[in-house]
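Please read the points alongside the coordinates.

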Amino acid sequence: MTYQETCQYLFNQMPMFERQGDAGYKEGLTNTLLLDEHLGHPHQSYATIHIAGTNGKGSCSHTIAAILQECGYKVGLYTSPHLVDFRERIRVNGQPISELYVTQFVERERAFFEPLHPSFFEVTTAMAFQYFKDQHVDIAVIEVGLGGRLDCTNIITPIVSIITNISFDHTQYLGDTLAKIAAEKAGIIKRGVSVVIGEANEETRPVFEAKAKEMNAPIVFAEDYQEVISADSLPGGGMLYHTRNNGILHGDLSGAYQVKNMNTVMCVAFHLGMIGYLSICEKPENQEKCRFEFQRAIEHVTTTTGLMGRWQIMQQNPRVVCDTGHNVGGWQYLSKQLQQQQCRQMHIIFGMVSDKDLDGVLQLLPKKAIYYFTKADNKRAINEADLQLQAAKHGLLGERYPTVREAYTQCMKNALRDDFVFVGGSSYVVGDFLKIFK
């Protein structure tokens with residue numbers, strides 16, 4: 001098979017939650033454990049860091065990978081979903097897995113895994129773990145796919161676990177209260193392994209504390225240790241962070257939500273220093289070296305790791321921004337950021353998938369924007385006509401377009417130099433949009 005044929009085989013022949021929703025969701029670790037045993041437990045060949053949470057997993061994963069890489073480690077990075085190319089999911093030192101490896105892995109292993117009827121994510125996770133072993137990485141940053149307790153990445157025993165935050169998402173699988181969702185995410189906490197919690201509240205904090213106590217796992221709440229004192233958005237993109245122990249740092253990731261992510265990352269970095277992986281910045285003799293490593297890593301996260309779609313500025317005049325925020329938790333930050341934009345007219349190209357809280361997100365969108373309702377090339381995407389109808393109930397007005405490309409084309413015909421264009425609502429809308437530029 002060619003690489004494209006292999007991707008089509010993975011996308012179409014296996015249950016894939018990202019494309020199919022309920023029909024593509026497989027609960028439990030049975031197949032994962034069988035694949036892992038068949039491959040010889042490759043994830044045991046290197047250190048790992050495990051990251052769960054409702055929002056912020058991608059930004060934190062990529063930033064931590066960039067820091068480790070800057071410190072001289074060979075770093076594997078496993079994230080999902082991809083936006084443009086399958087190979088984005090599996091990287092070593094920022095470089096995507098090769099097309100040849102993807103093809104050869106599937107051809108070599110399909111005789112074993114096909115009788116198991118595995119999901120797309122089960123096979124992809126096995127591929128990632130094996131690739132990192134074959135590439136002799138020192139450490140791999142592993143992002144949870146969905147939930148935590150039953151996610152197929154949860155066979156690893158990391159050097160540190162991270163849970164970024166909890167908000168309502170995938171409630172049909174994870175539970176209909178924040179406490180229930182937190183319990184599923186807390187399933188990644190391993191016995192004796194420290195866990196860093198990025199954000200918590202009165203509902204979720206007791207859940208994390210109880211699970212950590214049960215597993216005898218040291219627990220740290222990043223909000224209790226505010227390493228990021230304040231932050232400012234930079235006109236050309238990026239953030240300027242004023243930190244407690246690392247001075248002023250320039251981060252290239254934009255978006256108000258990155259402040260919370262950066263505080264979580266700093267807390268994790270301090271823990272990695274404590275166990276010997278990074279310089280400990282509170283020691284005076286290490287401060288200059290640590291600050292230099294942090295600055296270089298944080299300033300070049302996107303180029304170092306290939307991260308896309310986080311308040312990504314695509315062009316100026318008019319300014320065009322895309323963001324993968326796709327649930328109420330993410331839009332609580334995005335809506336505030338949109339309100340802060342100074343422009344003549346705001347244009348929003350918007351689409352969502354059917355298993356999200358559509359009304360919850362629509363309530364957060366700005367009323368004065370011109371909307372271009374669309375759908376991604378995904379079976380879970382809400383039809384643009386239905387989306388337009390629901391949005392009108394919230395006072396959000398605009399035309400509908402069957403594809404992201406058509407919506408963007410019309411938007412750019414309408415937008416003037418002093419306007420602002422936002423593309424988002426779904427990772428898949430952003431993915432279709434980025435393919436236009438690619």
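With which side chain does the side chain of His43 make a polar contact? The partner is the side chain of Asp36, at 3.3 Å; a polar contact is a pair of N or O atoms within 3.5 Å, where within protein one must be able to donate a hydrogen and the other to accept it, and residues adjacent in sequence count only if both atoms are side-chain atoms. This is a predicted model, in which local features need pLDDT of at least 70 and side-chain atom pairs count only at pLDDT 80 or more, while totals for chains, interfaces and linings use all residues. Residues are numbered from 1 along each chain as its sequence is written, and side-chain values use heavy atoms, with hydrogens and water left out.

**His43**
- His43 lies in the loop between α3 (30-39) and β1 (47-52); helices (H or I, at least four residues) and strands (E, at least two) are DSSP runs, numbered from the N terminus.
- His43 counts as buried because its relative accessibility is 8% (buried is under 20% relative accessible area, exposed over 50%, partly exposed in between; 1.4 Å probe, protein chains only).
- Beyond its neighbours within four places in sequence, His43 is in contact (heavy atoms within 4.5 Å) with Asp36, Thr48, Phe129, Ile155 and Ile156.

**Ser254**
- Ser254 is found in the loop between β11 (248-251) and α10 (258-274), and its relative accessibility of 7% makes it buried.
- A polar atom of the Ser254 side chain lies 2.5 Å from the backbone nitrogen of Gly238.

**Ile275**
- Ile275 sits in the loop between α10 and α11 (287-299) and is partly exposed, at 38% relative accessible area.
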